[in-house]
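Try each task before you read the solution.

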Amino acid sequence: MIIHSAIHDNNYNLYLIVYLRKHKFLWDYKFFFDQLTKRQIAVLAKSLLINRSKTILVCLEGRTHSLKYWRPYKFAKMIFGHMDLPNAFYYNPFFDEIAKPHSKKYDHSGKKGSELIEKVCFISSNYSKLKALQITEPDIYANLDVYGEFHSPIQIRDLDDRSGDSLVVCAKYMAALCIENNSEEGYFQGSALWALYALTPPILKSQRLWKNFLKQDFVIDFYEYKEMNYKKRLNAITSVQDRLYSGDQWLTNLSLEYLDFFKEAFDPSKEPDFSSIIKKSKDFRKHCIRV
């Protein structure tokens, strides 16, 4: 696969890249990601005009973020993204994250509940997200320990695995607030994953479709949480913590079935039937957006 991106390359650890690089029938397809340089945008325009049958768009960002992420979708052979378009194969950041292997820094199986900081942490450097939370939920915001660019910094020890360092901080707390980037239909970032990896109960602010991806007893719904009194909040956190310590699977059957489908759809040894796999992915999308 030939990658065009301002931030990704052939060695990037996106599962989509790692897996499809093994595909001998896709080696000369051009993949254009969300973040492109001006030169790469020019290459995209040329590719869509001259060789659209081997031009694939990867759209993992929300369309409402910025006009710079818009693409002439209908001209591409296929799109990896959450949108409902004729040539779109349903894919979102959540699927990519749960499919890829992680370093040992993601293993918090030795965590002890008695040593936790009895507060809720929030790790984010998203200015808009922080500002909105401060304005709309001042009481919740006031009681958070906030980390990120505008607050307490995360000590980065490995520039190639910044997420692992964030998990170390998250694992120290009794719970973590997690907020999705947008509410576009079909989009699921899976922001609660970082807390789940750290065995820290996530308080998730998201569309209700999250329940199609993650089992409900491993997550605290933000909208339910904010209506609880202090005692009920502690009970909810304790209940989820017990489930996390159990070691049980927190992915739904739908998520697991999708991962199997993706691997089979792009079996490295078989030439992909684009029409067929796009159609099947749309069936998954229907189940994923159902509330």
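**Exercise 1. Find which residues Asp221 touches, leaving out those up to four places away in sequence, and work out whether Asp221 is buried or exposed.**

Keep in mind that you're looking at a predicted model.

- Step 1: Pick out the contacts. Asp221 touches Leu204, Arg208, Trp210 and Lys211.
- Step 2: Asp221 sits in strand E10.
- Step 3: Check the surface. The relative accessible area of Asp221 is 4%, and buried means under 20%, so Asp221 counts as buried.
- Step 4: Tyr19 is 202 residues from Asp221 in sequence, and their C-alpha atoms are 33 Å apart in space.

**Exercise 2. Trace the sheet: in what order do the strands come, and which ones stand at the edges?**

- Step 1: Read off the order. The 5 strands run E7-E6-E8-E9-E10 in an open sheet, with parallel pairing.
- Step 2: Look at the ends. Strand E7 (144-147) and strand E10 (220-221) each have a single partner strand, so one side of each has no neighbour in the sheet.

**Exercise 3. Take strand E8 and say how many bridges tie it to E6 and to E9.**

- Step 1: Start with E6. Strand E6 (residues 117-123) is joined to E8 by 3 bridges, and the two run parallel. Val120, for instance, has Ala175 in E8 as its bridge partner.
- Step 2: Move on to E9. Strand E8 (residues 173-179) pairs with strand E9 (residues 202-205) over 4 bridges, again in the parallel sense.
- Step 3: Name some partners. Cys178 is opposite Leu204 in E9, while Ile179 has Lys205 as its bridge partner there. Leu204 is also one of the residues that Asp221 touches.
- Step 4: Check how covered E8 is. Of its 7 residues, 7 are buried.

**Exercise 4. Describe the second largest pocket: how much space lies in it, and which residues are closest to its centre?**

- Step 1: Get the volume, which is about 320 Å³.
- Step 2: Go to the centre. Among the 16 lining residues, Lys129, Ile179, Glu180, Asn181 and Lys205 come closest to it.
- Step 3: Find the main contributor. Helix H4 (residues 127-136) gives the largest share of the lining, 5 residues.
- Step 4: The lining splits into 4 nonpolar, 9 polar and 3 charged residues.

Note on methods:
Residues numbered from 1 in each chain as written. Predicted model: local features only at pLDDT ≥ 70, side-chain atom pairs only at ≥ 80, totals over all residues. Heavy atoms only, no water. Pairing = 2+ DSSP bridges. 1 Å grid on protein atoms, 1.4 Å probe; cavity = no way out; pocket = protein on both sides within 12 Å on 5 of 7 lines; lining within 4 Å. Points joined across faces, edges and corners; volume = space filled by probe spheres on them. Nonpolar A, V, L, I, M, F, W, Y, C, P; charged D, E, K, R; others polar. Buried < 20%, exposed > 50% of the residue type's maximum accessible area, 1.4 Å probe, protein only. Contact = heavy atoms within 4.5 Å.
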